[in-house]
Amino acid sequence: MSSLSAKIQDVFNEPACEKNHGKDAKARKKGCSKPLTPGAAAGGCAFDGAKIVLQPITDIAHLIHAPLACEGNSWDNRGAASSGPTLWRTSFTTDLSELDLVMGQSERKLFRAIREIKEAYAPPAIFVYSTCVTALIGDDIEAVCKRAAEKFGLPVVPINAPGFVGSKNLGNKLAGEALLDHVIGTVEPDDAGPYDINILGEFNLSGEFWLVKPLLDKLGIRVRACIPGDARYLDIASAHCARAAMMVCSTALINLARKMEERWDIPFFEGSFYGITDTSEALRQIADLLVRKGADPEIIDRTEALIAEEEAIAWKKLEAYRPRLEGKRVLLNTGGVKSWSVVHALMEIGIEIVGTSVKKSTVEDKERIKQILKDENHMFESMAPRELYAMLSEHKADIMLSGGRTQFIALKAKIPWLDINQERHHPYAGYDGMVELVRQIDLAIHNPIWCQVREPAPWDCLPAVEEEMLGEEGARATVDAFKKLAGTTAGDFGEC
């Protein structure tokens with residue numbers, strides 16, 4: 001545990017994080033975790049964060065060294081997609097029982113599980129995850145993994161991120177540290193080229209990276225490794241040979257990007273593939289970094305030509321939606337890179353942003369939002385469900401974009417809602433993704449169901465309904481009949 005403590009302190013002392021850099025030494029040791037609110041959903045733990053970052057690596061076996069519930073609660077917790085192997089969707093766990101813990105059999109059971117996976121599936125590598133229970137009883141998964149790797153002749157990587165050490169964000173970074181310590185740089189490819197790049201923090205949710213990769217292919221740019229979305233073990237092992245890198249989600253893997261730049265001189269920038277302008281800017285920055293690392297400068301001209309072509313096609317498609325969506329008001333309740341990238345994307349077609357959450361956003365994210373919105377009042381750190389409901393029920397927004405946790409607030413307020421978090425079923429990255437996002441917003445806002453659910457229920461308008469069906473005399477007779485049955489006066493029956 002001493003090595004884990006040192007690793008955590010190293011992650012907390014991240015010089016590439018402006019928020020962390022601005023703290024004093026005492027505050028930096030506490031990390032970025034906030035005390036949990038009693039009665040509220042706690043969110044993910046460090047183990048969950050590590051699993052989120054590593055599970056999209058599609059061809060390896062992910063073995064959870066824990067009782068059954070740890071794997072049951074974390075399996076398939078992201079909508080990542082694979083273009084080939086499906087082993088990552090197979091659930092592996094040592095399923096420790098009380099007897100295993102009391103009798104000290106957990107490490108032996110882990111070793112046997114590694115052997116069974118190797119014999120049955122022959123993966124290129126096995127990732128072994130420590131959890132709260134196995135860390136508390138002192139299981140040395142690093143020693144077991146080292147012995148298993150020697151015995152079975154394949155990489156067995158320990159992921160030392162038990163849930164109790166911190167938040168999901170810390171688990172993201174510990175997963176990046178594990179890749180640096182045990183995977184990246186272990187394979188030397190024989191086809192390294194001047195146009196190789198890495199994409200970091202891209203999870204290929206709903207297959208959205210597949211909308212971006214064809215653009216890079218047209219420019220002759222090869223994605224050496226996309227970490228972790230639709231990744232293969234050997235691609236990540238040879239990621240140190242890339243010439244440049246793009247960071248999509250800095251809150252998750254900023255430590256990985258910085259250390260790869262220090263060790264292997266791979267410059268990186270933070271960008272976004274959400275929205276037309278941001279996608280174009282990302283392509284420009286990739287081309288610029290490659291030229292600075294020795295690529296032919298003509299790639300810049302080819303990039304500009306591709307951008308002009310793709311933007312013209314995308315804007316032509318979007319013009320059909322502008323009359324229907326211009327001036328519509330959106331409440332964005334998400335965080336991280338989406339807090340500014342989606343804002344910029346929506347404002348490009350005339351949609352008004354009435355608020356965006358910055359709960360999970362970095363200092364750089366918040367600065368970008370200020371520049372885009374020109375009004376800090378539209379930024380909120382967190383908003384209680386009661387406040388969200390009040391804002392929506394007063395029709396201060398026409399639609400809410402958020403994750404699944406807050407969808408029922410919008411539905412209760414009878415306001416359209418669209419999922420833009422990891423559970424979504426539509427890809428929104430790149431030029432085609434922007435068109436798809438606008439199409440989904442248009443479908444949600446103009447769905448005829450909202451006119452119907454906002455109508456008062458028939459039983460709330462009984463006198464008015466009776467009058468319409470029976471006429472004034474018949475309605476009066478019906479009300480009189482109810483009065484006699486209930487023993488009430490006419491004043492007790494209000495008008496709808």
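This is a predicted model: local features need pLDDT of at least 70, side-chain atom pairs count only at pLDDT 80 or more; totals for chains, interfaces and linings use all residues.
Residues are numbered from 1 along each chain as its sequence is written, and side-chain values use heavy atoms, with hydrogens and water left out.

**Staying with helix H10**

Colour H10 by burial, where buried means under 20% relative accessible area, exposed means over 50%, and partly exposed lies in between (1.4 Å probe, protein chains only). Because 11 of its 15 residues are buried, H10 is largely enclosed by the rest of the structure. Among the buried residues of H10 are Leu170, Lys173, Leu174, Glu177 and Leu180.

**The sheet E2-E1-E3-E4**

Next, select strands E2, E1, E3 and E4, which in that order form an open sheet with parallel pairing; two strands count as paired if DSSP finds at least two bridges between them. The edge strands, each pairing on one side only, are E2 (92-93) and E4 (156-159). Strand E1 (residues 61-64) pairs with E2 over 2 bridges in the parallel sense, and leucine 63 stands opposite phenylalanine 92 in E2. On the way from E1 to E3 you will meet 4 bridges between strands that run parallel, and alanine 61 has isoleucine 126 in E3 as its bridge partner. E3 is also joined to E4 by 4 bridges, again running parallel, with phenylalanine 127 having valine 157 in E4 as its bridge partner.

Show the side chains of E3, and look along the strand. In a regular strand the side chains alternate between the two faces of the sheet. Here Ile126 and Val128 point one way from E3, Phe127 and Tyr129 point the other way, and all are buried.

Which residue in helix H4 forms an aromatic pair that links to tyrosine 129 in strand E3? The structure holds 3 aromatic pairs, where rings of Phe, Tyr and Trp (its six-membered ring) pair if their centres lie within 6.5 Å, and planes under 30 degrees apart count as stacked, over 60 as edge-to-face and the rest as tilted. One of them joins phenylalanine 47 and tyrosine 129 edge-to-face, at 6.1 Å centre to centre and 85° between the planes. Phenylalanine 47 belongs to helix H4 (residues 46-54) and tyrosine 129 to strand E3 (residues 126-129), 82 residues apart, so the pair links distant parts of the chain. Both phenylalanine 47 and tyrosine 129 are buried.

Then select phenylalanine 111 and phenylalanine 152, which form a tilted pair with 5.3 Å centre to centre and 40° between the planes. This pair also links distant parts of the chain, since phenylalanine 111 sits in helix H7 (residues 106-121) and phenylalanine 152 in helix H9 (residues 141-152), 41 residues apart. Phenylalanine 152 counts as buried, at 15% relative accessibility.

**Around tryptophan 88**

Tryptophan 88 lies in the loop between helix H5 (68-74) and E2, and it is buried, with a relative accessible area of 4%. Its C-alpha atom is separated by 6.1 Å from that of isoleucine 60, although the two residues are 28 residues apart along the chain. Arginine 89 lies over the face of tryptophan 88, at 5.8 Å from the ring centre; a charge sits over a ring if NZ of Lys or CZ of Arg is within 6 Å of the ring centre and within 35 degrees of the ring normal.

**Cysteines**

Finally, display the cysteine sulfur atoms. With a disulfide taken as a pair of cysteine sulfur atoms within 2.5 Å, the count comes to 0 disulfides. For cysteine 70, the nearest cysteine sulfur is that of cysteine 132, 6.5 Å away, and cysteine 70 is partly exposed, with a relative accessible area of 25%. For cysteine 132, the nearest cysteine sulfur is that of cysteine 45, 6.0 Å away, and cysteine 132 counts as partly exposed at 29% relative accessibility.
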